[in-house]
Amino acid sequence: MAFRRRNKSYPFFSQEFLIQNHADIVFSLVIIILIGLMFETTAKTAILFIQPQYNVTALSPEGEVTTYLYGWKDGATVLFYFFITIILHAVVQEYLLDKVNRRLHLSKSKNTKFNESGQLCVFHFMSSVWSFYVLITEGYLLHPSSLWENYPHSHLRFQVKFFYLTQLAYWLHALPELYFQKVRKEEIPRQLQYICLYLLHISAAYFVKFDSCGFRYSCSSSIYQSSASTSPDSYTSPTRTTRKCLTCGRSASCSRGWPR
């Protein structure tokens with residue numbers, strides 16, 4: 001399964017070979033993990049990478065309810081979906097953005113910004129749809145007080161925990177993509193800044209057990225960023241829009257009596 005058109009072959013294990021074939025290499029690792037599910041001796045190990053761990057089942061008036069805690073095994077799950085996001089990144093780049101680039105005939109600098117904006121636009125759109133769906137199904141919209149009541153939120157629903165793990169996987173994958181996409185040195189500090197901001201807020205909300213408010217911010221941030229992507233200058237400074245979202249989220253939480 002090849003994600004890039006190869007006009008030239010490079011020696012194995014060379015820098016250019018790794019950059020050009022990184023998605024295929026990662027795809028092979030994912031296949032190995034999935035094959036592990038087929039054998040009894042390796043199935044227990046393979047499931048650590050695919051399925052969120054630390055599930056707890058409790059009885060309630062509605063019947064059995066399964067919730068999830070967090071622990072070191074979540075690192076294996078994040079690693080697997082880290083690989084998945086690298087593959088999806090390559091698919092979006094190859095079958096969507098590259099085709100649009102060839103039609104627009106953009107310069108190299110504009111092409112880099114277009115690729116960055118396009119990848120973020122797809123991610124934020126999918127995140128906003130998914131998070132809004134979780135808000136509805138988990139009752140966060142009908143019961144907003146559940147976002148801050150019963151703190152700490154040590155027991156998570158499956159959809160909430162899975163959302164957090166995939167968000168961490170996405171923003172972690174953005175770090176090696178700076179190398180794979182050959183981002184210019186002057187662009188790296190700016191991109192590192194907003195990547196680290198997202199990683200900081202998501203990991204802090206997850207490990208400090210303030211998951212409900214962190215989830216609400218992620219939802220509002222994704223909706224804001226996906227709507228802002230319609231502007232031509234939407235991602236000239238993602239750090240600025242990220243800070244703006246964070247400020248809006250804090251002010252909104254304070255106005256509703258959320259813990260500061």
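User: Quick one to start: is Tyr206 buried or exposed?
Analyst: Tyr206 is buried, with a relative accessible area of 1%, where buried means under 20% relative accessible area, exposed means over 50% and partly exposed lies in between, using a 1.4 Å probe and protein chains only. Please keep in mind that this is a predicted model, in which local features need pLDDT of at least 70 and side-chain atom pairs count only at pLDDT 80 or more, while totals for chains, interfaces and linings use all residues. Residues are numbered from 1 along each chain as its sequence is written, and side-chain values use heavy atoms, with hydrogens and water left out.

User: OK, and how many helices and strands are there in the chain?
Analyst: The chain has 8 helices and 2 strands, which are DSSP runs numbered from the N terminus (helices are H or I with at least four residues, strands are E with at least two). Along the sequence the pattern reads α-α-β-β-α-α-α-α-α-α, and buried residues make up 42% of the 260 residues.

User: Back to aromatics, how many aromatic pairs does the structure hold?
Analyst: There are 17 aromatic pairs, where rings of Phe, Tyr and Trp (its six-membered ring) pair if their centres lie within 6.5 Å, and planes under 30 degrees apart count as stacked, over 60 as edge-to-face and the rest as tilted. One of them is the tilted pair of Tyr70 and Tyr206, with 5.4 Å from centre to centre and 50° between the planes.

User: Where in the chain do Tyr70 and Tyr206 sit?
Analyst: Tyr70 lies in the loop between β2 (63-68) and α3 (74-104), whereas Tyr206 belongs to helix α6 (residues 188-207), so that the pair links parts of the chain 136 residues apart.

User: Which residues do ring pairs link into a cluster?
Analyst: That cluster joins Tyr68, Phe80, Tyr81, Trp130, Phe158, Phe162 and Phe163.

User: New topic: which residues have the most contacts inside the largest nonpolar core?
Analyst: They are Phe80, Tyr81, Val160, Tyr164, Trp171, Ile195 and Phe215, in a core of 37 residues; a nonpolar core is a set of buried Ala, Val, Leu, Ile, Met, Phe, Trp, Tyr and Cys residues joined through side-chain atoms within 4.5 Å. The largest share of this core, 10 residues, comes from α5.

User: And what is Trp171 in contact with, leaving aside its neighbours within four places in sequence?
Analyst: With those neighbours left aside, Trp171 is in contact (heavy atoms within 4.5 Å) with Leu120, Phe123, His124, Tyr194, Ile195, Tyr198, Leu199 and Ile202.

User: What about Val30, is that buried or exposed?
Analyst: Val30, whose place is in helix α1, is buried, with a relative accessible area of 5%. Leaving aside neighbours within four places in sequence, Val30 is in contact with Phe80, Phe83, Ile84 and Ile87, and the C-alpha atoms of Val30 and Phe83 are 7.0 Å apart although the two are 53 residues apart in sequence.
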